[in-house]
Amino acid sequence: MEKRNELEQLFYRIYINLGGSSIEVELEDDDYNVAFDDALRTYRTFSTNSIQRGFWFMQFQTGQQTYKIPDEIDNVTQIRRLRTALLVGGGQGFEPFSAAFFQHTFRQRDGTFPGLVNYEALTQFHEQVGRMFGEHIMFEFNEGTSELHIWKNIKAEEDAVLECSAVKSIDTLLKDSAAYRWLSKYTEARLRVTLGEKYSKAATVPGPQGGTVLKGSDLISKGNEMMQQLEQDLLDFADGGEGPLPFFG
């Protein structure tokens, strides 16, 4: 038995589900590819499980405001100047006044550690100072061209960290059991509709005793019903996606 890759295995399982082991399934390779592409686009539109979040470091250049970032990054949510993003860093991120403030706040006269409450207060203070004095950089990101435009005139070379997100690759999604199952079912549903539309064009196949009636409408109805349910599953985060965080205030 020849070895198949993940996508070929997915197509083969759908072929079997459609009765391919017993009857001739009148679908071409293009039908499978188009159906899977439709499933993939739908999944990436509605499912948070199709997105991976992370950080990307870059260096701003003197006087430059527009930058080209990697195409795989599809969204940038926040930019922070690395020099001010660290409370007490090392090397270029080291700032002596922050270090002195940190030591004064956390060390009591007897040298003991005052606890996490003071640490939380200090980090909140640092976050507020960062917002007031330019730790966060305003920007505009063009997803179509992968261009980042910052609303700041950089006076000298400076490092920054971007909080961003990127769509998961097809290989990554197919290795995710929940995503694989959803993509397989939606692709099958789309192929049922395609097969039903083909049968509808020839309602009867010539044969003995008047021929055979092809029930294309049943396939179309079943396929559409499956797709509606699968799309609802994404809205219910049944595929392993993350729901919205609670809002207070």
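**A helix residue and the charged pairs**

Modeller: Threonine 42 is a residue of helix H2. Please keep in mind throughout that this is a predicted model.

Colleague: Is threonine 42 buried or exposed?

Modeller: Threonine 42 counts as buried, because its relative accessibility is 10% and the cut-off for buried is under 20%.

Colleague: Leaving aside neighbours within four places in sequence, which residues is threonine 42 in contact with?

Modeller: With those neighbours set aside, threonine 42 makes contact with Trp182, Tyr186, Glu231 and Leu234.

Colleague: On to charges, then. How many salt bridges does the structure hold?

Modeller: There are 6 salt bridges in the structure. One of them joins lysine 198 to aspartate 31, with 2.7 Å between the closest N and O atoms.

Colleague: Which helices do lysine 198 and aspartate 31 lie in?

Modeller: Lysine 198 belongs to helix H7 (residues 177-201) and aspartate 31 to helix H2, so the pair ties together parts 167 residues apart in sequence.

Colleague: And how accessible are lysine 198 and aspartate 31?

Modeller: Lysine 198 counts as partly exposed, at 32% relative accessibility. Aspartate 31 counts as buried, at 17%.

Colleague: Which strands does the pair of glutamate 158 and arginine 81 tie together?

Modeller: Glutamate 158 forms a salt bridge with arginine 81, and their closest N and O atoms are 2.5 Å apart. Since glutamate 158 lies in strand S6 (residues 158-167) and arginine 81 in strand S3 (residues 73-81), the pair links parts that are 77 residues apart in sequence. Both glutamate 158 and arginine 81 are buried.

Colleague: What about lysine 68: which residue does it form a salt bridge with?

Modeller: Lysine 68 pairs with aspartate 71, and the closest N and O atoms are 2.8 Å apart. Lysine 68 is exposed, its relative accessible area being 52%. Aspartate 71 is exposed too, with a value of 59%.

Colleague: Where is aspartate 29 found, and is aspartate 29 buried or exposed?

Modeller: Aspartate 29 is found in helix H2, which covers residues 29-46. With a relative accessibility of 62%, aspartate 29 counts as exposed. Helix H2 is also where threonine 42 lies, and threonine 42 is buried.

How values were computed:
Residues numbered from 1 in each chain as written. Predicted model: local features only at pLDDT ≥ 70, side-chain atom pairs only at ≥ 80, totals over all residues. Heavy atoms only, no water. Helix = DSSP H or I, 4+ residues; strand = E, 2+ residues; numbered from the N terminus. Buried < 20%, exposed > 50% of the residue type's maximum accessible area, 1.4 Å probe, protein only. Salt bridge = Lys/Arg side-chain N within 4 Å of Asp/Glu carboxyl O. Contact = heavy atoms within 4.5 Å.
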